[in-house]
Amino acid sequence: MKETLDVVIIGAGTGGLSALREVRKRTQNFVIINDGAWGTVCARVGCMPSKALIEAANAYHRRSTFSEFGIQGANSLTTDIPTVLRRVRQLRDHFVASTVKTTDDLGRRAISGRARLLAPDRVEVNGQQLYARSIIIATGSSPIVPEPWNKLGKRLFTTDTLFEQENLPTRMAVLGMGPIGVEMAQALSRLGVDVIAFGGNQAIGGLTDPQVNAAAIELLGCEFSLNLGEKADLTAINEGLQVRAGDSEVVVDAVLAALGRRPIIDGLGLETLGVSLNEQGMPPINPNTMQVADLPIFMAGDVNGQSAILHEAADEGHIAGFNATRLAAPVCFTRRTPLAIVFADPNIAVVGSQYCALESATTLVGEVTFSNQGRARVGQHNKGILRLYAAADSGRLLGAEMCAPSGEHMAHLLALAIDRSLTVRELLHMPFYHPVLEEGLRTALRMLAAQLPVDSESDLATCGAFDTEALD
Ligand SMILES: Cc1cc2nc3c(=O)[nH]c(=O)nc-3n(C[C@H](O)[C@H](O)[C@H](O)COP(=O)(O)OP(=O)(O)OC[C@H]3O[C@@H](n4cnc5c(N)ncnc54)[C@H](O)[C@@H]3O)c2cc1C
């Protein structure tokens, strides 16, 4: 008699492990299958090693502010790149080990192998067929590399290989100015690599507000060569690679391809599900249940192409794991306020509604530039801009885009405000300690408030600015 599992989870990344945590609460009759190394993309080659490299780069870059602080000798500081990269890998190994522990006790319920769907209730792995009441697909994404570039060999890196290097090349091109390209181009440049960056369009780091985008381009362009608006192509020449984009032509030692990531669906057998697939080969997926059409199949994490962000992958795994173990109809979860952060310096962040999604006729904008903000000046972080968007009728905060010092923290504060549907005036009720970078945020809020009707004069939200750097 054929044995039927309650759930088969395909992929043990963040989405798959989050699903596993939910599934284990309700049944022990499951398997989780993973192709390649266990330990998640985030810990192995994604969020964590990239942030470890960025921290080293920013620590070294800080020397450029020393003489103004009155600290001498900055010019004699150097980096030992092999040591920097060793530390990245040591931290990486630590994070991977802690992640792998979560599946250590599964025994035969953790299967290494490449799974393929045979039908909505059947999966094949290592030549064995498994029957399942529900299937969770969490196969993640992989870096986009145009096919002809695969023959460029070791001179072409992706973030899958960058952190494995023992040393860094002298001159590198970074292709793609999305979040990963921006983070890595700045970090490599700050570590002393001569970086030439190329972006296929004018927007960088996921920004859609032209003013914030322009500020980010100006700031990053001061650190490394930034070429935008043309598709780059590569040719191998002698020991290097030639990069051509529009009129630009450079020869570099190596290239980091950061052209985005593609869901891993090739060979997965989605066509066996009997539902229509779109041009990208993707079935219809409900973002609130993670269900594929009306099948007992759920797709969570980068693989569903909805957002390639870790906390979203974890949420989607949670939803998929919850719904895959229910006999009743799937539950619709309310998704969180959108929040995307790029760990550039200054931080780039987009919270709530993107600027490009808002109607200018019904949206108010408030902004602050940090060039003269008191605390930012004191710490030599006085760069960047933050723009807030609010509904003209209700004064409710809708979204924000920024390239701002400590943007990662302000973005969280704003995400909470948007999630709670707070108005500009309600936000101005919050105490702002002095002197903090958040006083810059208050300046942008006050600019919004000035465009809204005043409800009551006897309200601290109307307390105005001094218009002096030392006090605002
Ligand atoms: C350089 C970099 C930096 C990043 N930085 C951040 C950041 O700072 N913040 C943030 O929020 N996000 C960041 N991300 C994105 C984040 O890492 C991903 O969104 C997240 O890891 C996706 O998790 P996942 O579970 O969807 O996929 P993964 O973790 O990729 O897991 C998928 C697993 O499925 C396996 N698999 C694939 N096909 C099969 C198959 N057929 N059978 C069995 N197993 C299969 C894969 O081998 C893999 O182990 C970054 C990503 C990168 C690459």
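Which residues is Gln 186 in contact with, leaving aside its neighbours within four places in sequence? They are Leu 220, Glu 223, Phe 224, Ala 344 and Asp 345, where contact means heavy atoms within 4.5 Å. The structure is a predicted model, in which local features need pLDDT of at least 70 and side-chain atom pairs count only at pLDDT 80 or more, while totals for chains, interfaces and linings use all residues. Residues are numbered from 1 along each chain as its sequence is written, and side-chain values use heavy atoms, with hydrogens and water left out.

Gln 186 lies in helix α7; helices (H or I, at least four residues) and strands (E, at least two) are DSSP runs, numbered from the N terminus. Gln 186 is buried, at 2% relative accessibility. Buried means under 20% relative accessible area, exposed over 50% and partly exposed in between, with a 1.4 Å probe and protein chains only. The side chains of Gln 186 and Glu 223 are joined by a polar contact of 3.2 Å. Such a contact is a pair of N or O atoms within 3.5 Å; within protein, one must be able to donate a hydrogen and the other to accept it, and residues adjacent in sequence count only if both atoms are side-chain atoms. Although 132 residues separate Gln 186 from Ile 54 in sequence, their C-alpha atoms are 8.1 Å apart in space.

Now to the ligand. It is surrounded by 35 residues, the closest being Gly 15, Asn 34, Asp 35, Lys 51 and Asp 302; a residue counts as near if one of its heavy atoms lies within 4 Å of the molecule. A polar side-chain atom of Lys 51 is 2.7 Å from an oxygen atom of the ligand, and an N or O atom in the side chain of Asp 302 is 2.8 Å from an oxygen atom of the ligand. The backbone takes part too: a polar backbone atom of Ala 115 lies 2.9 Å from a nitrogen atom of the ligand.

Ser 141 is found in strand β7 (residues 141-143) and is buried, with a relative accessible area of 7%. Beyond its neighbours within four places in sequence, Ser 141 is in contact with Arg 261, Arg 262, Pro 263, Ile 264 and Asp 302.
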